[in-house]
Amino acid sequence: GGGGDLKFKFEEDYQMNCLIDCIMEAGTFGQEYFFQDMWAANKIYRSNIKQVYDIGSRMDGFIAHLLAMEVSVTMLDIRPFPHAIEGLNFVQTNAMDMSNIPDNSFEVVTGLCSFEHFGLGRYGDPVDYDGWKKALHEVCRKLKVGGSFYLSVPVGRKDRLQWNAHRIFNPCTIAAEMIPATVLTEFSFIANWKINTALAGNVSLQDLKVVSENLPIIENGGLFGLFEFKKIS
């Protein structure tokens, strides 16, 4: 039959037959991306910062959160972005060599689920074994003294390369590259559908080592680690 609603007639050509949505959960998302984006956005919200530089984070998550809070975002990416969005600026650059950006110019920089990829060629970047390390050093150079860096990467008890998708880092591997130019003021990780704050304050490498040795083991993957750094020199 044609159905009883004359405004919305049943037509064979426009059937879509959605048959499984009724047995799914009320909303689907990746817990890691959801919580990392919320974590960093909350940090920005509480800081009252209105200008953020971002390296490779999600447009439809974290950056959208910031724009909704009327925070101006300068997005840095090696790939082109030929779109005009209010509040969003774009600079095409290689995070492993940001020589086209002045030193000591970032008050806040963020990089959520991006630094683990640098140097693997996955996104058109040059293959460079030390790409992740070079990108961290570039952030240190570009940050102003007193500036903050919010970072998320996959973490685990051991460093591991999963070519050419990403790397998994022991948290101390990240922190050792950032210290002494910065201090680590928070290390958290995402597990069991929540953010677990492991260390806060002026975090020492020794304390981070103890936490790293006791991280939950995730087979063939990694937890998402959340790092907050502040530049001191």
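How many of the 10 residues of strand 8 are buried? In the predicted model, nine of them are, and strand 8 is accordingly described as mostly covered.

The protein contains five helices and 10 strands. Its C-alpha atoms fill a box of roughly 75 × 40 × 35 Å along the principal axes. Of the 233 residues, 43% are buried. The accessible surface amounts to about 12900 Å², and carbon and sulfur atoms account for 53% of that area. When contacts between residues at least 6 apart in sequence are considered, 64% of them join residues at least 24 apart. The protein carries 21 positive and 28 negative charges, whose mean positions lie 6 Å apart.

Eight strands are arranged in an open sheet of mixed pairing, in the order 3-2-1-4-5-10-8-9. In general, the strands of a sheet pair through backbone hydrogen bonds, in either a parallel or an antiparallel sense.

The parallel sense is found between strand 1 (residues 51–55) and strand 2 (residues 72–77), which are paired over five bridges. Within this pair, Q51 lies opposite S72 of strand 2. Helix 3 packs on the sheet and touches strand 1, strand 4 (106–112), strand 5 (143–155), strand 8 (182–191) and strand 10 (223–231). The direction of helix 3 makes about 155° with that of strand 5. Helix 5 (residues 205–213) also packs on the sheet, where it touches strand 8 and strand 9; the angle between the directions of helix 5 and strand 9 is about 160°.

Strand 8 is paired on both sides. With strand 9, the pairing is antiparallel and extends over seven bridges. With strand 10, strand 8 runs antiparallel and is joined by eight bridges; here F189 has G225 as its bridge partner.

Two individual positions were examined further. K142 lies in helix 3, which spans residues 131–142. Its relative accessibility is 3%, and K142 therefore counts as buried. Apart from neighbours within four places in sequence, K142 is in contact with M98, S99, I101, P102, D103, N104, S105 and F106.

I78, by contrast, is located in the loop between strand 2 and strand 3. Because its relative accessibility is 26%, I78 counts as partly exposed. Beyond its neighbours within four places in sequence, I78 is in contact with Q92, T93, N94, Y123, G124, D125 and P126. One of these residues, G124, is 46 residues away from I78 along the chain, yet the C-alpha atoms of I78 and G124 are separated by 7.4 Å.

Note on methods: Residues are numbered from 1 along each chain as its sequence is written. This is a predicted model: local features need pLDDT of at least 70, side-chain atom pairs count only at pLDDT 80 or more; totals for chains, interfaces and linings use all residues. Side-chain values use heavy atoms; hydrogens and water are left out. Helices (H or I, at least four residues) and strands (E, at least two) are DSSP runs, numbered from the N terminus. Buried means under 20% relative accessible area, exposed over 50%, partly exposed in between (1.4 Å probe, protein chains only). Contact means heavy atoms within 4.5 Å. Two strands pair if DSSP finds at least two bridges between them. Axes are lines fitted to C-alpha atoms, for helices over the stretch in contact, and angles run from 0 to 180 degrees between N-to-C directions. Accessible areas come from the Shrake-Rupley method with a 1.4 Å probe; for residues, only the protein chains shown count as cover. Lys and Arg count as positive and Asp and Glu as negative; His and the chain ends are not counted. The place of a charge is taken as NZ of Lys, CZ of Arg, CG of Asp or CD of Glu.
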